Amino acid sequence: MRLALLLSLLAGAAWLGFRSDEPNRPTDHVFPASRPQIPTGYKRNAWVAEPPAPLNTSDGTVAAAETLPIEAAQRNGEAVALAEVGAFDEAAAILRELAHDFPDSTVVRRNLRAVLTAIAARTRDEGNVPAALDLLEEAVRFGESPEVLGLLGSLRLEIGDVARALDDLSRAHDLAPTDVGIALAVARAYIEADRRDRALDVLLTARERGARHAAIDAMIERTSRELDAEWDFVRIETDHFELDFEPDTPSITVDEVAAQLDEAFVEVTGKLGVRIDGTPRAVLYPEVNFHALTQTPDWTQGVFDGRVKVPVGGLELDDPRLGAILRHETAHHVVAELGRERVPVWLNEGIAMWAEEIDDERRSWSEERLVGRPIVPLRQLQRPFSQLEREAAEAAYAQS
Ligand SMILES: [Zn+2]
């Protein structure tokens with residue numbers, strides 16, 4: 001079943017430095033980008049210490065919603081003081097009581113929403129996403145704000161609930177069209193929904209309106225580059241993947257990569273003993289564009305950035321390294337689905353390299369790579385390995 005795939009001219013450069021008798025070496029780059037951006041606005045202190053002075057309306061009556069009895073206004077003040085020193089739970093307890101007694105007070109509702117959002121953000125940072133979602137669902141009942149909707153949508157995206165994430169994030173974006181974090185999160189949600197065109201629209205419009213940030217520029221560049229490169233790509237469904245490729249890719253190549261992808265999926269999920277819902281996506285790029293498109297160093301031969309990306313043309317189809325690359329990148333997909341980006345890079349790479357293996361040749365490779373080289377600090381292993389120099393990258397993979 002292993003057939004010959006064209007070696008492109010660039011293959012030599014991409015494989016530079018790796019002797020063919022070295023079965024294992026750094027193969028890829030996993031982007032941290034699939035972690036949803038947390039809207040920048042969520043940390044804003046949005047509580048109100050004093051109810052605004054009652055407004056005289058045109059007919060001479062006083063707007064009733066903001067008039068709290070003195071005792072309640074004092075309790076609200078206590079809650080705000082607590083929130084300001086970070087005692088959010090105590091503040092929330094007071095505000096929940098007030099919201100019960102004065103359900104129409106916009107001040108109380110707004111403060112409770114802000115405090116619940118702050119608790120949710122903290123809970124999320126502690127790793128408890130379901131509890132954070134419960135808090136945000138409670139918060140949003142007290143009115144919508146970019147903070148609460150942005151965080152809610154980001155967390156839904158984090159657990160893979162793309163449709164509802166898009167809904168929340170789009171509303172957040174409508175309320176705060178220049179919030180950089182929210183714009184990035186909406187774009188990310190569109191990309192997850194396989195709507196790169198919409199993602200690009202959102203980013204371009206946000207930038208035009210004043211959302212200026214290097215992260216926006218970078219995402220615009222990458223998304224448009226992908227859209228340009230893939231505008232005429234065709235898609236097939238394999239047993240386990242959606243596979244996109246250039247229409248003139250030889251069908252023998254497509255068939256073989258598709259077969260090996262499906263095999264990789266079965267092997268990796270079997271080896272990890274997990275079941276994955278949802279369909280992973282894979283893209284075959286022509287070798288000549290691969291590194292420019294994926295913005296990866298020359299030594300990378302596969303990429304996972306939400307989709308498994310492999311260059312075609314750089315490998316012989318019967319080269320066992322193709323299977324290893326596909327297993328490696330598929331493992332990143334599996335880890336992303338299971339861990340939703342809570343997995344540190346060193347663990348992610350370790351799992352991916354373990355998944356590559358059919359027999360246990362890794363240990364000797366790792367030991368060989370670590371001999372006489374400085375150990376890469378663990379802190380550095382949190383960053384994508386492609387940011388490391390090549391030798392450090394090999395050591396980093398070996399340590400994983
Ligand atoms: Zn990897």
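Glutamate 237 has glutamate 242 in strand S3 as its bridge partner, and strand S2 (residues 234-237) pairs with S3 (residues 242-245) in the antiparallel sense over 4 bridges. Here helices (H or I, at least four residues) and strands (E, at least two) are DSSP runs, numbered from the N terminus, and two strands pair if DSSP finds at least two bridges between them. The model is a predicted one, in which local features need pLDDT of at least 70 and side-chain atom pairs count only at pLDDT 80 or more, while totals for chains, interfaces and linings use all residues. Residues are numbered from 1 along each chain as its sequence is written.

**Strands around S3**

- S2 and S3 form a hairpin, with 4 residues between the two strands.
- On pairing with strand S4 (residues 281-286), S3 runs in the parallel sense over 4 bridges, and glutamate 242 stands opposite arginine 281 in S4.
- S3, helix H11 (residues 251-272) and S4 make a left-handed β-α-β unit; a crossover is right-handed if, with the strands pointing away from the viewer, the path from the first strand over the helix to the second runs clockwise.

**Aspartate 262 in H11**

- Aspartate 262 is found in helix H11 and counts as partly exposed because it has 17 C-beta neighbours inside 10 Å.
- Leaving aside neighbours within four places in sequence, aspartate 262 is in contact with Thr238, Asp239, His240 and Phe241, where contact means that the C-beta atoms of two residues, placed from the backbone, lie within 7 Å.
- Arginine 327 is 65 residues from aspartate 262 in sequence, and their C-alpha atoms are 9.6 Å apart in space.

- Aspartate 194 lies in the loop between helix H8 (180-192) and helix H9 (196-209), and its phi is near 65°, a positive value in a residue other than glycine.
- Most residues other than glycine have a negative phi.
- Aspartate 194 counts as partly exposed because 16 C-beta neighbours lie inside 10 Å.
- H9 and helix H10 (residues 214-230) pack at an angle of about 145°, with their axes 10 Å apart; axes are lines fitted to C-alpha atoms, for helices over the stretch in contact, and angles run from 0 to 180 degrees between N-to-C directions.
- Among the residues that meet between the two helices are Leu200, Leu203 and Leu204 in H9 and Ile216, Met219 and Ile220 in H10.
- The residues of this contact of H9 with H10 divide into 9 nonpolar, 2 polar and 4 charged, with Ala, Val, Leu, Ile, Met, Phe, Trp, Tyr, Cys and Pro counting as nonpolar, Asp, Glu, Lys and Arg as charged, and the others, Gly among them, as polar.

**Alanine 165 in H7**

- Alanine 165 has its place in helix H7 (residues 162-175) and counts as buried because it has 26 C-beta neighbours inside 10 Å.
- Leaving aside neighbours within four places in sequence, alanine 165 is in contact with Gly153, Arg156, Leu157 and Ala189.

**The chain as a whole**

- The secondary structure of the chain comes to 16 helices and 6 strands, and buried residues make up 42% of its 400 residues.

Terms used. A residue is buried if 20 or more other C-beta atoms lie within 10 Å of its own, exposed if 12 or fewer, and partly exposed in between; C-beta atoms are placed from the backbone.
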